[in-house]
Amino acid sequence: MLTMNESEPSRRHDIGAIHVSGGSYAVIDRYKDAVYRAALTVTGCRADAEDITQEVFLKYFQTRPSFRSEAHEKAWFLRVAVNMGKNLVRSPWHRRRTDADLTVIPDPGSGETSSSGVLAAVLSLPEKYRVAIYLYYYEGYTAREIAEITGRSEAAVAQHLSRGRAKLRKLLGGDAS
Amino acid sequence: MSLRDEIRRAYDDVKAPDELTERIKRDLYQKDISDDAEQETFLVEEAPRPAVGRYLAFIAASVMLCAGFGYAAWRGMQDNVNELNPRSSVPIETVAVTEETTETTAPAE
């Protein structure tokens, strides 16, 4: 079971001081894609996902949290990315943006079942559904672990998964089992 | 193909751009350098030591000045009390007359 909190891990360095050695860059290569995917899932915009990815690694090097295991470390990255994405999506500045600024994913209603079509279908779901779908189907977390990452109850996550799955099947034409 | 496989395949194509990785590393490197520079500046430019001596001298001078004013005011009040004591039963004119009388009525040998 994952137990984590963004502010929970002990800090080895003072906040604000960034000490990056050559070896520390490995963590970027290890988690950049996962963080980027999580950020893209929450925001639905590649530019925002890039900004969030950058912010997440900046936060990591500022706080230098220590982790019990690699799974704990990955979950921390995903949690921070999801939370930052939520904060960005809920910000007044983001709400004022036009739809044209956010259109980066192909239309899921085009009928195509290619990977980009599936991705578009996932990203067209409400934010809480698509985060649950991404973490469950791609990252392989259980509903309980997703609840800890997203800060929601396990029952709520299970409901989001169920409804998201139903909507996704509808969007993809019901051919996905 | 199951829904899981389709989602996996879709997300497998999503990767962080290479230029983003380079940007993150460059940003962190620059931050690291700037933080080091700030730290050096902080070490070189030590915070000025508080001027305790001057502070104490200022406090002492203020206290002495206040004490002087206070003493002068107290003395002035005391003088006023003596001169304008309403409970004094001896009129000033009487005192003067008495002194003159004393002088004039000195016993003659």
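Predicted model: local features only at pLDDT ≥ 70, side-chain atom pairs only at ≥ 80, totals over all residues.
Residues are numbered from 1 along each chain as its sequence is written, and chains are lettered from A in the order in which they are written. Local features need pLDDT of at least 70 and side-chain atom pairs pLDDT 80 or more, whereas totals for chains use all residues, and side-chain values rest on heavy atoms.

Chain B contains four helices and zero strands, where helices are DSSP runs (H or I) of at least four residues and strands (E) of at least two, and its elements follow the order α-α-α-α from the N terminus. Of its 109 residues, 14% are buried, that is, under 20% relative accessible area. The accessible surface of chain B, computed by the Shrake-Rupley method with a 1.4 Å probe, is about 9,300 Å², with 60% belonging to carbon and sulfur atoms.

A nonpolar surface patch of about 640 Å² is formed by B:Val52, B:Tyr55, B:Leu56, B:Phe58, B:Ile59 and B:Val63; such patches join nonpolar side chains within 5 Å, from residues with over 30% relative accessible area and no salt bridge (Lys or Arg nitrogen within 4 Å of an Asp or Glu carboxyl oxygen). B:Val63 lies in helix H3 (residues 52-83) of chain B and counts as exposed (over 50%) because its relative accessibility is 51%.

In chain A, helix H3 (residues 70-90) packs against helix H7 (residues 127-138) at an angle of about 165°, with the axes 12 Å apart. H3(A) is therefore roughly antiparallel to H7(A), a term for angles over 145 degrees.

Conventions:
Patch = residues over 30% accessible without salt bridge, like charges linked within 9 Å, V, L, I, M, F, W, Y side chains within 5 Å. Buried < 20%, exposed > 50% of the residue type's maximum accessible area, 1.4 Å probe, protein only. Axes fitted to C-alpha atoms, helices over the stretch in contact; angles between N-to-C directions. Parallel < 35°, antiparallel > 145°, perpendicular 65-115°, else oblique.
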